Amino acid sequence: MLPHPSDAARPAADDVDPALLAEGPREECGVFGIFAPGEDVATLSFYGLYALQHRGQESAGIAVSNGRRIVVHKDMGLVNQVFRETSLAALEGDLAIGHTRYSTTGASSWANAQPQYREVEQGGGLALGHNGNLVNTAELARRLELSPGNDSELMAELLARETVESGSLQAAILRVAPLLQGAFSVTVMDQRRLYAFRDPGGFRPLVVGRLANGGWVVASETSALDIVGAVTVREVAPGELVVVDEDGLSGHRFAEPSPSYCLFEWVYLARPDHRQDGSSVYSVRRETGRVLAREAPVAADVVIPVPDSGTAAAAGYADEAGLPYAEGLVKNRYVGRTFIEPSDTLRQLGIRLKLSPVAEVIEGQRLVVVDDSIVRGNTSRQLVAMLRAAGAAEVHLRITSPPIAHPCYYGIDMATRAELIGADLAVEEIREFVGADSLHYVSLDGLMGATPQEPDALCRACFDGRYPVAVPGEHEQLAQIKFDFDGAATPAASD
Ligand code: SF4
């Protein structure tokens with residue numbers, strides 16, 4: 001069972017009991033950008049970041065330009081901890097980008113918080129926010145003789161350097177973006193323009209919206225457009241750079257699209273109200289629950305979700321199975337947001353800190369329990385034990401993703417291969433470990449069929465090990481990419 005990112009706090013040390021804080025996948029970041037002369041762009045960015053809080057809780061930041069200079073305010077903590085009315089009032093301008101961060105590379109520290117700012121010659125500068133993870137950071141740093149830092153720092157440094165060389169940030173992005181490998185949905189700004197670009201795979205979402213006054217907004221998810229009153233216009237296409245200034249929006253391709261949309265965004269990462277390719281995440285999750293009910297029916301009395309990401313799927317399962325749906329678990333929503341070091345007493349409480357059973361729903365019942373995934377298995381084991389202690393007659397676990405057997409290198413922090421229970425154990429062995437009466441995962445085909453995207457356009461490497469962009473050290477590669485600073489990165493067939 002996975003706590004949703006909105007409740008996750010990153011363990012402060014490796015020995016923190018993962019079940020106590022957050023056992024499973026966490027997003028790397030959320031990005032936001034706005035070009036809206038005459039509007040309070042800092043406050044709108046603040047609300048946009050609020051809607052993206054689930055994509056990162058370690059730090060938050062906003063950069064604003066008044067046309068002459070860029071001011072950045074960033075700090076560790078949640079969006080509403082980092083910003084106050086006074087700090088927002090000091091951020092005056094027509095153009096802003098914002099960022100929420102969870103670190104998958106680089107330490108969790110103020111210096112690594114984003115937006116990253118870099119001076120460019122003649123008093124100018126740029127600010128950058130990145131969601132994703134590059135797989136060639138070390139190689140880029142070595143070849144370009146830059147200090148490696150994390151991937152976002154490297155990107156900002158590279159763009160600043162190229163802006164000096166080529167005379168404009170737009171030219172610099174068009175030259176640098178093809179050199180980057182991996183997942184990157186990026187917002188960048190200089191004093192006068194907003195830029196947003198997305199890797200050719202489009203691993204992480206990036207959408208464009210329009211405000212009633214004609215201003216433009218870009219964000220990781222449509223929920224961040226909705227909250228500021230922007231109408232969704234389109235996605236930033238894989239391999240595309242969009243530029244917004246006083247003349248409007250223009251699109252520029254820097255690489256051929258080769259879609260590898262993250263399948264796990266549909267299962268767990270994105271907010272249920274995010275829409276992509278004509279479907280909401282909510283409807284995909286509900287349909288996945290229906291598929292699961294057809295693939296793995298069981299004689300039971302009631303279907304309960306593990307909140308929140310199991311909620312829509314549990315409703316779908318109950319519908320399809322003709323079983324009642326009930327809320328048998330209550331989420332202690334704010335527990336995961338503490339930075340208090342867990343004591344032994346707290347460790348023993350384990351999952352009880354996150355979830356509480358509703359005895360009236362559970363007692364004497366044969367339960368179908370719908371959850372999004374199993375990463376290490378410890379939390380699912382505690383969950384089953386807690387439900388039995390609350391009086392459940394039977395516990396049948398139904399999981400809305402296939403077993404996670406491979407790590408993600410494209411911006412989702414799951415676990416190492418050695419920690420993934422799905423990497424080594426068969427489903428029956430996992431069932432035994434977690435102590436359920438039955439355990440079924442949705443099939444990969446069933447899950448992909450519930451999304452609006454073609455299977456070939458989806459990354460599902462954490463399930464099947466077929467990495468769409470070559471990862472150093474991984475053998476299961478579909479493509480290798482040749483690196484050439486003077487030319488575009490060119491995919492080549494793997495052996
Ligand atoms: S490996 Fe899994 S989590 Fe990572 S991008 Fe691919 S589908 Fe998403």
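**Note on the predicted model: sheet, strands, ligand shell and confidence**

1. Residues are numbered from 1 along each chain as its sequence is written. Helices (H or I, at least four residues) and strands (E, at least two) are DSSP runs, numbered from the N terminus, and two strands pair if DSSP finds at least two bridges between them.

2. The pairing of β7 with β8 is antiparallel and comprises five bridges. Four residues lie between these two strands, which form a hairpin.

3. As for β7, the strand is largely enclosed by the rest of the structure, because eight of its eight residues are buried. The term buried applies if 20 or more other C-beta atoms lie within 10 Å of a residue's own; exposed means 12 or fewer, partly exposed covers the range in between, and C-beta atoms are placed from the backbone.

4. Strand β1 (residues 29-35) is also mostly covered, with seven of its seven residues buried. In a regular strand the side chains alternate between the two faces of the sheet. For β1, one side carries Cys29, Val31, Gly33 and Phe35, the other Gly30, Phe32 and Ile34, and all are buried. The strand is joined to β4 (residues 95-101) by seven bridges in the antiparallel sense, where Gly30 has Thr100 as its bridge partner. A further antiparallel pairing, over four bridges, links β1 to β10 (residues 216-219); there Phe32 stands opposite Ala219.

5. Helix α1 (residues 41-51) has nine of its eleven residues buried and is thus mostly covered. Among them are Val41, Leu44, Phe46, Leu49 and Tyr50.

6. Which residues surround the ligand? The shell consists of Phe203, Cys262, Leu263, Phe264, Cys408, Tyr410, Ile412, Cys459, Arg460, Ala461 and Cys462; a residue is near a molecule if its C-beta atom, placed from the backbone, lies within 6 Å of it. Helices α8 (263-269) and α17 (461-464) each contribute at least two residues to this shell. Its composition is ten nonpolar, no polar and one charged residues, where Ala, Val, Leu, Ile, Met, Phe, Trp, Tyr, Cys and Pro count as nonpolar, Asp, Glu, Lys and Arg as charged, and the others, Gly among them, as polar.

7. Glu419 is located in the loop between β21 (394-399) and α14 (421-424). Why does Glu419 count as partly exposed? The assignment is made because Glu419 has 16 C-beta neighbours inside 10 Å. Its C-alpha atom is separated by 9.2 Å from that of Gly377, 42 residues apart along the chain.

8. At the level of the chain, the model has 17 helices and 25 strands, and buried residues make up 54% of its 495 residues. Of the contacts with a separation of 6 or more, 69% are accounted for by residues 24 or more positions apart; a contact requires C-beta atoms, placed from the backbone, within 7 Å.

9. The average pLDDT of the chain is 87, and 85% of the residues score at least 70; pLDDT is the predictor's confidence in each residue, from 0 to 100. Residues 1-22 stay under 50, and the model has 67 contacts for them beyond four places in sequence. Over residues 475-495 the pLDDT is likewise below 50, with 40 contacts in the model beyond near neighbours in sequence.

Notes. This is a predicted model: local features need pLDDT of at least 70, side-chain atom pairs count only at pLDDT 80 or more; totals for chains, interfaces and linings use all residues. Two residues are in contact if their C-beta atoms, placed from the backbone, lie within 7 Å.
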